[in-house]
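Colleague: I am new to this one. Please walk me through how to read it.

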Amino acid sequence: MEILQAVLIGLAALILAPGYFFYFDVTPKVAVVLFGTALLLVWYALSKQTRIPRVFTILAASQLASLAVSTVLSTSPALSLTGANWRRFGLLTQAAVWLFAWTLAGHTAGRPDRVRVILRGVSLSALATAVYGIAQYIGWDPLLPAAGYHIGEGIWTIVRPPGSLGYVSYFATWLLFNVFLSTLLAHTEVSPAWRGIAYSSAAISLTAMLLTGTRAAVLGLVAGALVWLFRSGFRVRRSWLTAAALACLAFAGLYLSPAGQPLRSRMRWFIEDPFGGARPTLWRDSAAMFLHRPTAGYGPEVFTAEFPHFESPRLARAYPDFLYESPHNIFLDAAVSQGLPGLVILALLFGLALRRSTPALGAALTAGLVAQQFTVFTLPTALITFTVAALALSDSKPEAPRVIRWFAAAACLPFLWAAVYLMVSDHALALTQQALHRADERAAATHYAQYQRWRLPGSGGELWYSRASLNLAQTAANPLVRFQALLQAAGAGVQATRTSEDPANAWYSMATVYAAQNDAANTEKSLRAAIAASPYWFKPHWTLAQVLRLEGRLPEAEAQAALAVQCDGGKNPEVGQTLLEIHAQRKTR
């Protein structure tokens with residue numbers, strides 16, 4: 001069982017499937033963990049040596065109940081059940097993470113040999129993804145387009161490798177955990193070969209983590225090291241000091257070398273933006289959002305849709321065209337999603353884990369928690385965080401009651417259902433994308449129909465398909481293809497306004513579809529719906545002003561243009577130019 005657990009942790013970080021899945025860095029990870037957790041639960045139900053972790057059982061049961069209540073009372077229950085497209089971290093996925101950690105806590109209790117297998121799996125997978133991240137930094141990437149993680153121009157371009165985790169911050173968090181866990185493995189390993197692998201994994205993970213230029217991870221590294229020193233009685237070996245000094249010298253040499261130019265550019269960004277951009281204001285607005293529904297929250301994964309109603313004008317003006325998919329803080333995310341119960345349970349889990357942990361596990365958990373005050377959970381980072389907590393809280397009773405065995409066996413069914421439907425539908429969406437790239441509208445429509453039959457409830461690919469079909473309608477040479485693509489864009493766009501995790505964008509996109517059909521009335525209606533969904537987003541105000549201007553409704557157009565200027569905060573000069581032109585036109589008339 002411990003081998004399967006180690007493989008699942010590793011695959012959750014490593015697996016990518018570009019070309020086969022549309023969401024190629026999310027879907028395979030979620031599917032693997034759902035399938036794997038289902039297998040673990042079946043094994044747990046059938047095993048004659050089933051043991052139940054006492055503390056973790058109470059916490060997991062409480063959190064699953066909280067998640068279920070928040071999902072039922074959610075502003076979008078279907079979205080809260082299956083999760084948003086960008087991370088698929090709804091009720092089903094979060095339940096899988098908790099139950100995975102629950103089985104791990106019981107299975108590894110009092111068995112250091114099993115813990116060692118888990119740590120070996122983490123160390124090997126982190127070594128592989130760290131090497132991949134370093135390759136991305138130096139310019140070699142056979143899987144992902146480099147433009148996705150190169151920011152800026154000229155000598156000020158920074159390289160922020162995401163590894164195989166989709167985004168640089170999650171990649172850095174994963175590597176941060178491994179620095180401590182591989183060091184722990186090296187200190188407890190009985191095999192010289194595995195000890196060498198553990199030291200190599202820790203060193204290469206540290207290098208790759210520093211190359212990401214992620215401040216949160218560096219802060220977590222310092223916090224974790226201090227906790228380890230404190231709980232070890234500040235006993236520092238001379239070899240540790242030597243290794244630290246050599247590492248600092250090596251990094252300084254890299255920083256000053258030509259290969260360190262992206263790091264120097266990143267340091268320039270640090271100096272120009274020392275407080276993390278929008279995060280302080282985002283946290284404040286998210287806290288205000290939590291206070292409006294503190295009992296059960298808004299439901300998992302609905303932040304993108306609900307936050308615009310609590311976004312302050314100050315935040316909107318500072319970042320006028322930015323979409324916030326989360327509060328960028330794991331505890332605020334739990335508070336907004338589940339209310340006070342979810343926040344308290346999560347805090348209890350990590351508080352008890354820190355109290356009972358060994359110095360090394362306590363350091364790893366501290367480092368990860370500090371780093372994730374600036375990000376939220378994705379499946380890989382949640383899995384590694386809960387794994388460390390489970391190892392710290394691993395205790396058990398000799399036998400599990402029969403009712404818990406039945407629960408474990410039954411719980412595997414929704415995970416298997418979700419994994420199958422997710423994979424089939426996402427593959428169909430990838431085939432749809434490939435057909436649209438070939439301008440084969442008929443094949444795209446066929447694959448999209450299959451996607452619709454298999455898609456999970458909640459958010460899906462409707463918004464993307466509507467926009468892609470509209471683009472085909474505007475560029476195809478064949479008039480019949482243009483007409484059919486426009487019909488597909490309209491149908492998918494209407495559905496997106498009901499299902500999308502980002503309703504403001506869905507309505508704005510629908511306005512462009514109606515505009516392509518010369519339907520002024522529905523264009524205006526869609527723009528006003530986008531404004532209702534995101535009151536301080538400048539773009540629908542600005543576009544509506546132009547629509548009203550064309551209709552000769554200049555007073556209304558001027559009012560909308562003025563609102564657009566206020567929301568834009570002077571970031572886009574063309575928005576202010578529109579207001580001046582409308583004002584001049586009114587004056588002339």
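Colleague: Which residues does tryptophan 102 touch, not counting residues up to four places away in sequence?

Modeller: First, the ground rules. This is a predicted model: local features need pLDDT of at least 70, side-chain atom pairs count only at pLDDT 80 or more, and totals for chains, interfaces and linings use all residues. Residues are numbered from 1 along each chain as its sequence is written, and side-chain values use heavy atoms, with hydrogens and water left out. Contact means heavy atoms within 4.5 Å. Tryptophan 102 touches Leu41, Tyr44, Ile52, Pro53, Phe56, Thr57 and Ile404. Take phenylalanine 56: it sits 46 residues from tryptophan 102 in sequence, and 6.2 Å away in space, C-alpha to C-alpha.

Colleague: Is tryptophan 102 buried or exposed?

Modeller: Buried means under 20% relative accessible area, exposed over 50%, partly exposed in between (1.4 Å probe, protein chains only). Tryptophan 102 has 4% relative accessibility, so it counts as buried. It lies in helix H5, residues 91–107. Helices (H or I, at least four residues) are DSSP runs, numbered from the N terminus.

Colleague: Which residues of H9 are buried?

Modeller: They are Ala216, Ala217, Gly220, Ala223, Gly224 and Trp228. Seen down the axis of H9, they fall within an arc of 135°, so they line one face of the helix. That arc is taken from the directions from the helix axis to the C-beta atoms.

Colleague: What covers the buried residues of H9?

Modeller: The cover includes helices H7 (168–188), H8 (192–211) and H16 (359–371). The face turned away from the buried side carries the exposed Leu226 and Phe230.

Colleague: What follows H9?

Modeller: Glycine 233, with a positive phi near 75°.

Methods:
Helices (H or I, at least four residues) and strands (E, at least two) are DSSP runs, numbered from the N terminus.
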